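Q: I want to learn how to read pockets in a protein model. Where do I begin?

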Amino acid sequence: MSTWEELLSTALVGTARRGFDRLDIPGAENIQADGAEAQLLAAAALASGYRRAGFTPPVWRGTPATPAEPDDRPECTAAATQLLELLLSRTIRIEGGTDLLVVHWLAAARTAGQRPPYPMVVDLLRFGAANAAHRPLVRAVLGPRGAWLARHNTSWRWAASVPPEDVVDRFATAARADRLALLADLRATEPDFARTLVEDTWDDEQAATRAGLLDTLHIGLSGADEPLLERALDDRAASVRAAAAALLDRLPGSARAARMAERATRLIRAGRVELPDEPDTAARRDGVTDHREPGYGRAASWLIQILAATPLSTWDPDLIPDVDQEVLTGWTKAALRQRNQEWLAALARHQPSPELIGTLVPEVATDILAGQKKLDARFGGLLAAARGPWPAEFSTNLINRLRAQKAENVLQLAAAALAEHLNPAALAAVEAWLLTLDAERKPARRVLRGLAHAMTIRATIDQEFR
């Protein structure tokens, strides 16, 4: 009986020089062809199909992978799944892209405690790989199935969970980027354990790695991190000292903050400001450098650095309208670093900026924006920075004001923020404005159509996850 290898050999040398026997395959006896060449080709066709259909794979003798942990969350509705598929494939076209709607879908799913269908896990892992800022949200929605699958693809490692027993070894031996990612995950859930990992390897790390590890401690930062940060103020590397000072700026209850407050209160008394002298050794250790703030001299820059690291409880926010600009700059930096909502709101009401507006809760930010008189490019920048979701009344009034003042430049500057944050209650106002625009005003019409489309999709997503 001929084998596949014998058929190949005969084909290579020719049937005139080498014959072949009947195949030992059911049905081979029925081959009917004129001539040896035709019989060989017919036999090869039959043998090829038999090999493909009848192939028996070798027995795998490896260790089976541990399956993913069970996921008890209910699966989202079929309509929600279809929306996600359309958004991820970009079949739906929105001005500025569909990523913001995917994020809205994920946030709604997380809030509702629902999961996507398992076939969507790979698509969401790809989305997270391309959108680093949204990876924590993607990871939370994917759950244990996504974490399990991510362990089998290096580009998805950001979503993989590390078994508790492997954390210490992984942190000690992994590549720098993987170590920082692991530390970030741990800081979100076990900040004290994460800090212990840093302390245990601190003396053996290179300066760039020490600085990177410190930067990661901003997640879950607390007074318990102060001893390590004080130790880092004496580090031989300037980058490490700067990283430690930046984190201590965010701890108004720290000993360094008290030292800065003592310096600041000597300089500002009874409404009078005195510029500091050359920083001494103690001030240098606490992070006062010769860095020049834009538009300020050396002494004014030292003052700004001291104020930026001083607890805001040292001052009264009612003083904001009466202080010099360098003091206002220092207080603004302090408010941003300490995330003090009272001071952020007071500063934003006095001198609004996108940086300040972007740190405020939506209710306060929109209240400040509602009080702005001019709907110009500056207002568009403030609006684009405001977090959402925006209240219904503000959203509707905003669209009506933009329409009444024909502020189409603001509409285009803040198009992405409008699509993401406008309350669905403003949809009627958007559609009414769209109907009044003639065909020649194409940019505004395109933005308004995109807004209406995005708001409709967001409302549908919210409906599916109720």
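A: Begin with the empty space. Rolling a probe the size of a water molecule over the atoms shows where empty space is left. This is a predicted model. Its largest pocket has a volume of about 750 Å³.

Q: How many residues line the largest pocket, and which lie nearest its centre?
A: The lining holds 28 residues. Nearest the centre are Arg 139, Ala 181, Leu 182, Asp 185 and Leu 186.

Q: Which elements give two or more residues to that lining?
A: Three helices are listed: H6 (135–150), H7 (167–173) and H8 (176–189). H8 gives the largest share, with eight residues.

Q: How does the lining of the largest pocket divide into nonpolar, polar and charged residues?
A: Count each class. Here 16 residues are nonpolar, five are polar and seven are charged.

Q: What is the volume of the second largest pocket?
A: The volume is about 460 Å³. The second largest pocket is lined by 23 residues. Ala 242, Ala 245, Gly 287, Thr 289 and Gln 305 lie nearest its centre.

Q: Which helices each supply at least two residues of the lining of the second largest pocket?
A: They are H12 (238–248), H13 (255–267), H14 (281–285), H15 (298–308) and H16 (325–338). The largest share is five residues, and H12 provides it.

Methods
Residues are numbered from 1 along each chain as its sequence is written. This is a predicted model: local features need pLDDT of at least 70, side-chain atom pairs count only at pLDDT 80 or more; totals for chains, interfaces and linings use all residues. Side-chain values use heavy atoms; hydrogens and water are left out. On a 1 Å grid over the protein atoms alone, a cavity is a set of points where a 1.4 Å probe fits but cannot get out, and a pocket is an open set with protein on both sides within 12 Å along at least five of seven lines; lining residues have an atom within 4 Å of a point. Grid points are joined across faces, edges and corners, and a volume is the space filled by probe spheres set on the points. Helices (H or I, at least four residues) and strands (E, at least two) are DSSP runs, numbered from the N terminus. Ala, Val, Leu, Ile, Met, Phe, Trp, Tyr, Cys and Pro count as nonpolar, Asp, Glu, Lys and Arg as charged, and the others, Gly among them, as polar.
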